[in-house]
Amino acid sequence: MSNIFSIDYRSPPSGLGQIFDPTRPDTPENMILVSYDGNGDPNNPHYGGQIHLKNIYEHPEQIDLLRQFLIDNQVCVIQDLEEGLDRPDISTDGFFDLEDWIKILKSYC
């Protein structure tokens, strides 16, 4: 089973979302925080790992860095419940293939 990148739109301190292994306990130590300028602390000590990017909407090249980081961390599935509501044709209950989700993210830039 691959790791999952779960998008969290609710609270800016949480960044863009977290990478987690669904076979391990759901604790911050078992998660990698993905944050960007304007959304998340670049030095958050409460996670097992972190990547902090420039604002991905102002610097679209950061999306390619994010994609590679997700691949490097064995992420194949993105859980994005809000986009899932808007795109039921390519989402299964809010879960997207990595490449489909990256295309969606790039469409906002």
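How many bridges join strand 1 to strand 5, and in which sense do the two strands run? Strand 1 and strand 5 are joined by 4 bridges and run parallel. This report describes a predicted model, in which local features need pLDDT of at least 70 and side-chain atom pairs count only at pLDDT 80 or more, while totals for chains, interfaces and linings use all residues. Residues are numbered from 1 along each chain as its sequence is written, and side-chain values use heavy atoms, with hydrogens and water left out.

## The sheet

Helices (H or I, at least four residues) and strands (E, at least two) are DSSP runs, numbered from the N terminus. Two strands are said to pair if DSSP finds at least two bridges between them. In this model 6 strands form an open sheet with mixed pairing, and their order is 4-3-2-1-5-6. Strand 4 and strand 6 (95–97) are the edge strands, each of them pairing on one side only. Neighbouring strands of the sheet are turned by 25° against each other on average, direction ignored; here axes are lines fitted to C-alpha atoms, for helices over the stretch in contact, and angles run from 0 to 180 degrees between N-to-C directions.

Strand 3 and strand 4 run parallel and are joined by 5 bridges, and within this pairing Ile 32 has Gly 49 in strand 4 as its bridge partner.

Contact means heavy atoms within 4.5 Å. Helix 1 packs on the sheet and touches strand 1, strand 2 (17–20), strand 3, strand 4 and strand 5 (75–79), and its direction makes about 165° with that of strand 4. Helix 3 also packs on the sheet, touching strand 1, strand 5 and strand 6, and its direction makes about 95° with that of strand 6.

A residue is called buried under 20% relative accessible area, exposed over 50%, and partly exposed in between (1.4 Å probe, protein chains only). In helix 1 the residues Gln 62, Ile 63, Leu 66, Phe 69 and Leu 70 are buried. Seen down the axis of helix 1, its buried residues fall within an arc of 120°, so they line one face of the helix; the arc is that of the directions from the helix axis to the C-beta atoms. These buried residues of helix 1 pack against strand 1, strand 2, strand 3, strand 4, strand 5 and helix 3.

## Aromatic pairs

Rings of Phe, Tyr and Trp (its six-membered ring) pair if their centres lie within 6.5 Å, and planes under 30 degrees apart count as stacked, over 60 as edge-to-face and the rest as tilted. By this rule there are 2 aromatic pairs. In one of them, the rings of Phe 5 and Trp 101 have centres 5.7 Å apart and planes at 85°, so the pair is edge-to-face. Phe 5 lies in strand 1 (residues 3–7) and Trp 101 in helix 3 (residues 98–107), so this pair ties together parts that are 96 residues apart in sequence.

The rings of Tyr 36 and Tyr 57 have centres 6.0 Å apart and planes at 80°, so this pair is edge-to-face. Tyr 36 lies in strand 3 (residues 31–36) and Tyr 57 in the loop between strand 4 (49–53) and helix 1 (61–72), so the pair ties together parts that are 21 residues apart in sequence. The accessibility of each of these residues is set out below.

| Residue | Relative accessible area | Class |
|---|---|---|
| Phe 5 | 0% | buried |
| Trp 101 | 2% | buried |
| Tyr 36 | 10% | buried |
| Tyr 57 | 36% | partly exposed |

## Loop residues

Gln 74 lies in the loop between helix 1 and strand 5, and has a positive phi of about 55° although it is not a glycine. Asp 93, in the loop between helix 2 and strand 6, also has a positive phi of about 55° without being a glycine, and at 70% relative accessibility Asp 93 counts as exposed. Thr 92 is found in the loop between helix 2 (81–86) and strand 6, and counts as exposed at 56% relative accessibility.
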